[in-house]
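Reader: I would like a close look at a single part of this protein, taken slowly, with some sense of the whole before we come to the detail.

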Amino acid sequence: MTVDTTNDTTRSHRDLATDDAALTASRRSARPNFDAIASDGTIDVLVAHGHNALAAGDLQVAERDLLDLLEIATVARRESEILRLRTAELERLIRAHTTELEEHQLETFERLAVMAEFRDTDTGEHTIRVGDLSAEIGLELGEDPAWCGQIRLAARLHDIGKVAVPDSILLKPGPLTPEEFEVMKTHTTIGAQILSGSSSPLIELGSVVALNHHERWDGTGYPNGRGGVDIPRCARIVTVADVFDALTSKRVYKHAWSHDDALAHVLAGRGTHFEPEIVDAFVRVIGRRRP
Ligand SMILES: [Fe+2]
């Protein structure tokens, strides 16, 4: 059977003539960017036009449409590469800026810790040691290393509230009267007030430590008489480190205890002043430190 395709071919040629007119403008214009080409319908028109040309047997027109499409694909590839490079550069700039901000924040944090320490000793070494020991105890307990890194820094601000305690009390060489001790206790709540409400998780952690580092496992501490696991874990760790380091340090109101005496004091407070599991971890850490 013979099939007459004259009408189809004629229709296709007519379509091609119409489409040629539509394509003229886009062919004449340069291709400024792929987004413009993709949104103005040029690609769809070229594809349809090429199909029609193939159907009509007009290979020359079909080839021209194909070359146009290849040109568009090249533009798209080039623009995609430019976009990728620009994105990578922006990401690098953001990372560098973020690191710089974090370094500034850390420096401010450390200067704050030194300022707090100057209130009752002449160096910032106590807070550094408490931070280091707290982090080591945390690691010994199997806590997340990143969290332990935060504790190392947050612990350094545990006594920042002492900035509001008068020298006559803070530096008193003898025992405090009950009234003076009440004032001394406020360094926990004042410290928490100074640090709370920050958008920085590190400073917020410092606030929790400042508020709770004089609470006791048996609930007889201050300022809130919290006990057991009601005391935040970070503060339960810092409490052990703070007491041990304070005992082995010289202050205006006390001599420095020997390592063994301070260790014995911490062990005596296992289950009353301190959480037993944390004391056990502390003993292992201290044991490894000894020569
Ligand atoms: Fe304290």
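How many helices and how many strands does the secondary structure of the protein come to, and how is the contact between H3 and H4 made?

Author: This is a predicted model, and its secondary structure comes to 12 helices and 0 strands, so that an α follows an α throughout the pattern α-α-α-α-α-α-α-α-α-α-α-α when the protein is read along its sequence. Of its 291 residues, 26% count as buried, and among the contacts with a separation of 6 or more, 61% are accounted for by residues 24 or more positions apart.

Turning to the part you ask about, helix H3 covers residues 42–55 and helix H4 residues 59–117, and their axes come within 8 Å and cross at roughly 155°. Because angles over 145 degrees count as roughly antiparallel, H3 and H4 are roughly antiparallel to each other, and their crossing is left-handed. On the side of H3 the contact is made by Ile43, Leu46, His49, Gly50, Ala53 and Leu54, while H4 brings Val61, Ala62, Asp65, Leu66, Asp68, Leu69 and Ile72 to it.

For a view from elsewhere in the chain, consider Ser134, which has its place in helix H5, residues 125–140, and which counts as buried because it has 31 C-beta neighbours inside 10 Å. Leaving aside residues up to four places away in sequence, Ser134 touches Ile151, Arg152, Ala155, Ile237, Val238 and Ala241. Ser134 also lies 8.7 Å from Phe282, C-alpha to C-alpha, although 148 residues separate the two in sequence.

Notes. Residues are numbered from 1 along each chain as its sequence is written. This is a predicted model: local features need pLDDT of at least 70, side-chain atom pairs count only at pLDDT 80 or more; totals for chains, interfaces and linings use all residues. Axes are lines fitted to C-alpha atoms, for helices over the stretch in contact, and angles run from 0 to 180 degrees between N-to-C directions. Helices (H or I, at least four residues) and strands (E, at least two) are DSSP runs, numbered from the N terminus. Angles under 35 degrees count as roughly parallel, over 145 as roughly antiparallel, 65 to 115 as roughly perpendicular and the rest as oblique. A crossing is left-handed if the near helix is turned anticlockwise from the far one by less than a right angle, and right-handed if clockwise. Two residues are in contact if their C-beta atoms, placed from the backbone, lie within 7 Å. A residue is buried if 20 or more other C-beta atoms lie within 10 Å of its own, exposed if 12 or fewer, and partly exposed in between; C-beta atoms are placed from the backbone.
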